[in-house]
Amino acid sequence: MWSKNASLAGGTLSLAGIPASQLAKEFGTPSFFIDEDAYRSRALAWNNELQNQFGPQAGTIYYAAKSFICTAVAQWIADIGIGIDVCTGGELSVALAGGISPSKIELHGNNKSVAEINRAVSVGVKSIVIDSLFEIERVATAAKKHGVRQSVMLRLTPGIEAHTHEKISTAHEDVKFGFSIASGAAWAAVEAVSKHSELELIGVHCHIGSQIFGSEAHEIATDRLVGFMAKYRDAYKKELPELDLGGGFGIAYVAGDVTVEPIDVMPAIHRAVTDACKKYNLAMPIVSLEPGRNIVGPTMFTLYEVGTVKQVVLDDKTIRTYVSVDGGMSDNARTALYDAEYTAVIAQRQSKAPTTLSRLVGKHCETGDIIIQNIQLPSDIAPGDLIATPATGAYGRSMASNYNHVPKPPVIAVKDGKARVIVRRENEADLLALDVKE
Ligand code: LLP
């Protein structure tokens, strides 16, 4: 759950040599702390393993910006040399601000605006992943306007029920994303793209869901997508060169979970592509992946300060201790949205007190403002204690809101005993900045 340079030695938390108490003093709470070295090494591990397994057919690791992006992280990505998957004009802007080459940017989204499409085409993104028949026309119009031939991929739904929370499962039939292979929608999209000389269909894409363990779902998806590529070859007498299998690789949130490592899944993915290509008599395509959570998730923790502690007697007479911290569902919406599980520790001191059934909650005005439903925490927990929740890097800060006019927390990068702000804390002036006074 903790990143490689985090330590709980002696019962207190430190990151890259800096104690949590010092981080809290310098940067305040709540704050997100990112282990820069861990981020870089996780991104590199995906890239290296893709190269190792696929050799000359290795495509690109497109880091999924939606999991967490800011300009500094985009700069790290440019520096590491991987690519990025963006799904809005906003994410595209950050990627460009960080100096990522457009040739390493893929544009996603099930309802890209015409302005977003035009911007992507004009800056020359590597590919646009098309999600609807309307979009085929829109991208073709933009390509004509800019006088270019735009590379596109088709997002396909291979009909897989990946084992994850329903709201983050994306490739069964009844979803808003992509073109279903089974219903014939995908083939209709191929035919529609082929009518536009400004569009170059370079391959197919799928993303089957998020927080998935094992490689079975990706293997089944591979077989269905490669089968589809064979159908294309038979009809058009040429092969589609690229296959993008999306992201979705799971991470550990609580004890007992095991983070998927690229070395655990890449050989199976390679085997699945090789087997499918043999089965359908196709040349090996260029293979890309889009991990988001798996790269950034394990590299951050959130640091809060406890404000109040309250004991509540339940119907069965057990006592639940409500521990309220200075953040909540505005910086971690995942528990409320997906029943996500997290763990937490007291970060600045070791407690020898017996543990007690506790619920970690935020400061928002609603009952569902829960960070951790049930957790055993030391019974001497008190206002002023620092609480750290690990593995909050993905879909934490990126899904943060200003609910109750709470300013969003900063993100602090920590490396080799030095800490620096990469996203500053919002303040009340930021909150008021968009309001127009009557
Ligand atoms: N590629 C595409 C096209 C995607 O839609 C996504 C995530 C990814 C890649 C990256 O998936 P990852 O490797 O991070 O699992 N907010 C939810 C997760 C939603 C994921 C949406 N798409 C959560 O907090 O669990």
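## Salt bridges, domains and a helix

Let's start with a pair of charged neighbours: Asp234 and Arg233 join their side chains in a salt bridge, with N and O 2.8 Å apart. Bear in mind that this is a predicted model.

**Salt bridges**

- Back to that opening pair: Asp234 is partly exposed, at 46% relative accessible area, while Arg233 counts as buried at 18%, because the cut-off for buried is under 20%.
- Some salt bridges share partners, and in this way Glu36, Arg40, Asp79 and Arg420 end up in one network.
- How many salt bridges does a search of the whole structure find? The search turns up 15.
- Another of these pairs is Lys66 with Asp85, whose side chains meet at 3.4 Å, N to O. This pair ties together distant parts of the chain, 19 residues apart: Lys66 sits in the loop between strand S5 (58–64) and helix H3 (71–80), and Asp85 belongs to strand S6 (residues 83–86).
- Are the two partners buried or exposed?
- On the accessibility side, Lys126 comes out as partly exposed at 25%, and Glu242 as buried at 11%.

- The protein splits into domain 1 (6–35 + 298–433) and domain 2 (36–296). Each side brings 25 residues to the contact.
- How much area do domain 1 and domain 2 bury between them? About 2100 Å², with 64% of it on carbon and sulfur atoms.
- In domain 1, the residues that lose the most area to domain 2 are Pro298, Tyr338 and Tyr395, which together make up 26% of what that side buries.
- Across the interface of domain 1 and domain 2 there is 1 salt bridge. Arg420 and Glu36 also meet in a salt bridge, at 3.0 Å from N to O.

**An annotated stretch**

- An unreviewed UniProt entry marks residues 302–393 as "domain: Orn/DAP/Arg decarboxylase 2 C-terminal".
- In the model, the end C-alpha atoms of residues 302–393 lie 8 Å apart, and the span is 5% helix and 46% strand.

**Helix H5**

- Which residues of helix H5 (residues 114–123) are buried? They are Ile117, Asn118, Ala120 and Val121. Looking down the axis of H5, these buried residues fall within an arc of 165 degrees, so they line one face of the helix.
- In general, an α-helix has 3.6 residues a turn, so residues three or four places apart point the same way.
- The buried residues of H5 pack against several elements: helix H4 (89–97), strand S7 (105–107), strand S8 (127–130), helix H6 (133–146) and strand S9 (150–157).
- After H5 comes Gly124, and its phi is positive, near 85 degrees.

Key:
Residues numbered from 1 in each chain as written. Predicted model: local features only at pLDDT ≥ 70, side-chain atom pairs only at ≥ 80, totals over all residues. Heavy atoms only, no water. Buried < 20%, exposed > 50% of the residue type's maximum accessible area, 1.4 Å probe, protein only. Helix = DSSP H or I, 4+ residues; strand = E, 2+ residues; numbered from the N terminus. Arc of directions from axis to C-beta. Contact = heavy atoms within 4.5 Å. UniProt positions renumbered as here; feature names shortened; annotations may be inferred. Domains from an automatic or database assignment. Buried area = accessible area lost by both parts, 1.4 Å probe. Salt bridge = Lys/Arg side-chain N within 4 Å of Asp/Glu carboxyl O.
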